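Please read them alongside the coordinates.

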Amino acid sequence: MTTNTIPESNDENLTVPESMLASVIDGPGDADAFRLDTVPVPASFNSEFVVKVVAAGINPIDAKTRAGKGTAAGLTYPAVLGNDFSGIVVKSPYEAHPLSPGTEVYGMVPVPRMSGTFAQYVAVPSLSVARKPSTLSHVEAAGVPLAALTAWGMVVEVAKAHQGQRMLIHAGSGGVGHFAVQFARYFGAHVIATGSGRNQDWLGKLGAAEVVDYTTTRFEDVATNIDVVIDLIGNVHDETGSRSLSVLNPGGLIVNAPTGSWPTFLDEAAAAGVRATTYKVAPDGDTLSTISRLLESGDVRVFVDQVFDLAEISDAHRALESGHTRGKIVLTVPSR
């Protein structure tokens with residue numbers, strides 16, 4: 001595991017090679033399913049970029065897909081996984097594009113529709129790309145796109161966070177959760193976050209007005225008059241989702257993100273008299289640009305907990321699946 005600051009890439013070679021180093025899987029499996037291989041660089045078409053990847057974020061959906069769940073049904077093996085990237089444009093859609101070769105960008109790739117980011121190069125639609133915030137390193141930027149876009153969609157677009165709103169956010173210290181806490185606080189909501197005891201002070205600094213240590217306290221005993229629940233757990237642990245229904249005000253809203261985490265979600269919510277919706281994130285460069293401004297102003301921060309080299313991807317996935325990550329885990333990708 002790499003713990004020191006990762007230097008920025010200064011590689012001036014902006015040509016697109018024929019092949020690249022990538023971490024691939026040959027079928028569903030555990031964290032040891034990955035192997036490094038030399039594979040063709042994905043081709044770009046029409047409005048797509050080719051980006052040289054400097055760093056790639058890891059998300060729970062990557063582990064689910066690797067294990068044969070979630071979007072794995074759409075994969076063709078051998079497959080390159082990975083949604084998040086931060087890197088350098090090596091090929092733009094057209095000559096006058098404002099994001100010309102050499103521009104530092106970040107974004108999210110729609111896996112499995114396209115080959116993923118655990119590789120030296122990635123082809124990505126132009127609508128999925130934004131200019132990298134100047135205040136962030138590539139490692140920090142790679143931890144942003146999927147998690148921040150998910151949090152923004154749930155908290156801002158669906159829940160419409162605002163002054164006076166009481167919002168309960170489960171798993172507030174995770175990748176999506178730590179952005180959700182900050183967005184809700186930024187737009188004026190009173191944030192109650194669940195997390196372990198070690199993260200209580202940290203969550204308070206991110207903007208949580210109240211933090212419930214789920215290891216010692218039942219959140220339903222202390223969280224009352226809740227307008228919105230941001231559910232990043234479902235019923236995969238201690239029936240967290242079902243228990244959340246009891247704290248919502250009549251007509252309140254619960255937003256659930258983890259796919260398959262609570263099969264009876266909509267029926268239970270309807271029986272409890274509350275509004276409910278799942279949420280599925282989509283790549284969105286325009287929204288990512290808005291989030292970039294909050295990152296550059298310091299109103300929102302990304303926290304990178306651990307950094308691994310691409311060759312250590314199995315260790316990175318094991319760390320993610322331990323369930324104790326604060327913020328994000330990021331891979332650095334070798335330039336050669």
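The points below take the basis of the values, then the helices, the pocket and the loops.

1. This is a predicted model, in which local features need pLDDT of at least 70, side-chain atom pairs count only at pLDDT 80 or more, and totals for chains, interfaces and linings use all residues. Numbering runs from 1 along each chain as its sequence is written, and side-chain values use heavy atoms, with hydrogens and water left out.

2. Helix H3 covers residues 145–158. Helices (H or I, at least four residues) and strands (E, at least two) are DSSP runs numbered from the N terminus. The 14 residues of H3 should span 20 Å at 1.5 Å a residue, and its end C-alpha atoms are 18 Å apart, which agrees; the expected span is 1.5 Å times one less than the number of residues. H3 has a kink of about 30°, centred on Trp152, where the bend is the angle between axes fitted to the seven residues ending at a residue and the seven starting there.

3. Because 12 of its 14 residues are buried, H3 is largely enclosed by the rest of the structure. Buried means under 20% relative accessible area, exposed over 50%, and partly exposed in between (1.4 Å probe, protein chains only). Among the buried residues of H3 are Trp152, Gly153 and Met154. After H3 comes Lys160, with a positive phi near 50°.

4. Helix H4 (residues 175–186) has 12 residues and reaches 17 Å from first C-alpha to last, close to the 16 Å expected. H4 is mostly covered, with 10 of its 12 residues buried; these include His178, Phe179 and Gln182. The buried residues of H4 pack against H3, strand E8 (166–169), strand E9 (190–195), helix H5 (200–206), H9 and strand E15 (328–332), contact meaning heavy atoms within 4.5 Å. Just after H4, Gly188 has a positive phi of about 100°.

5. What lines the second largest pocket? There are 16 lining residues, of which Val129, Ala130, Arg131, Gly285 and Ser289 lie nearest its centre. Strand E7 (129–131) and helix H9 (285–297) are the elements that give two or more residues to this lining, and H9 gives the most, with six. The lining divides into five nonpolar, five polar and six charged residues. Here Ala, Val, Leu, Ile, Met, Phe, Trp, Tyr, Cys and Pro count as nonpolar, Asp, Glu, Lys and Arg as charged, and the others, Gly among them, as polar. A pocket is an open set of points on a 1 Å grid over the protein atoms alone where a 1.4 Å probe fits, with protein on both sides within 12 Å along at least five of seven lines; lining residues have an atom within 4 Å of a point.

6. Two peptide bonds are worth checking. The bond from Tyr77 to Pro78 is cis, with omega near -5°, and Pro78 is in the loop between H1 and E4. The bond from Val111 to Pro112 is also cis, with omega near 10°; Pro112 lies in the loop between strand E5 (104–108) and strand E6 (121–125).

7. Ala72 is found in the loop between helix H1 (60–66) and strand E4 (84–91). Ala72 is buried, at 8% relative accessible area. Leaving aside neighbours within four places in sequence, Ala72 is in contact with Thr65 and Tyr77.

8. Asp238 has a positive phi of about 55° although it is not a glycine, and phi of Glu239 is near 55°. Asp238 is partly exposed at 40%, and Glu239 is partly exposed at 42%.
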